[in-house]
Amino acid sequence: VQLQASGGGLVQAGGSLRLSCVASGNIRPINPMGWYRQFPGKQRELVARAATGGSKDYAASAKGRFTISRGSAGNAVYLQMNSLTPEDTAVYYCNAFIFSADRPEGAEYWGQGTQVTVSS
C-alpha cells in the first residue's frame, strides 16, 4: 500500500494550490482520507478529512478557504487551498486508514509529505 501525494509548491500570498493524494495497492475503499500539516518543530495537525459517506471535518484555520474532496473510486483525496497566507507554509501529509489484503484489520498510512510555501 502506498500513498502518493503531489501538488505542493511555492505560491504568493492570496494564491491557490491543489494537493492530490492517491492510494495504490490491493486495497478496499478507504475511510477516512485526509490532510495534515506540520510546522517546523511542531506536531502534525489535522487540516481536513473526508469520509466516503460525505462527512467532512476542517480545522478552524482551513474553514472557508480550503475544500477537501474525494475521488469517485474512493482511493484519492484532494485539497483545494485558496487565499493562502504565509502562515499556511508547512509540509502537508496525506493520511488514510486502509484495509488491505496484507492488513485486513486496517492500518494508518501516511504519504511522503509535500512542501507548501507561501511568500508574502
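A disulfide is a pair of cysteine sulfur atoms within 2.5 Å. The model is predicted: local features need pLDDT of at least 70, side-chain atom pairs count only at pLDDT 80 or more, and totals for chains, interfaces and linings use all residues. Residues are numbered from 1 along each chain as its sequence is written, and side-chain values use heavy atoms, leaving out hydrogens and water.

**Exercise 1.** Find which residues the disulfide joins, and state where they lie.

Solution.
1. The structure holds 1 disulfide.
2. Cys-21 is joined to Cys-94, with an S to S distance of 2.0 Å.
3. Cys-21 belongs to strand E3 and Cys-94 to strand E9 (residues 90-98), so the pair ties together parts 73 residues apart in sequence. Strands (E, at least two residues) are DSSP runs, numbered from the N terminus.
4. The link is left-handed, with -80° about the S-S bond.

**Exercise 2.** Decide whether Cys-21 and Ser-16 are buried, partly exposed or exposed.

Solution.
1. Buried means under 20% relative accessible area, exposed over 50%, and partly exposed in between (1.4 Å probe, protein chains only).
2. Cys-21 has 0%, so Cys-21 is buried.
3. Ser-16 has 38%, so Ser-16 is partly exposed.

**Exercise 3.** Name the side-chain partner of Arg-65 in a polar contact.

Solution.
1. A polar contact is a pair of N or O atoms within 3.5 Å; within protein, one must be able to donate a hydrogen and the other to accept it, and residues adjacent in sequence count only if both atoms are side-chain atoms.
2. Arg-65 sits in the loop between strand E6 (56-58) and strand E7 (66-70).
3. The side chain of Arg-65 meets that of Asp-88 at 2.7 Å.

Note on methods:
Helix = DSSP H or I, 4+ residues; strand = E, 2+ residues; numbered from the N terminus.
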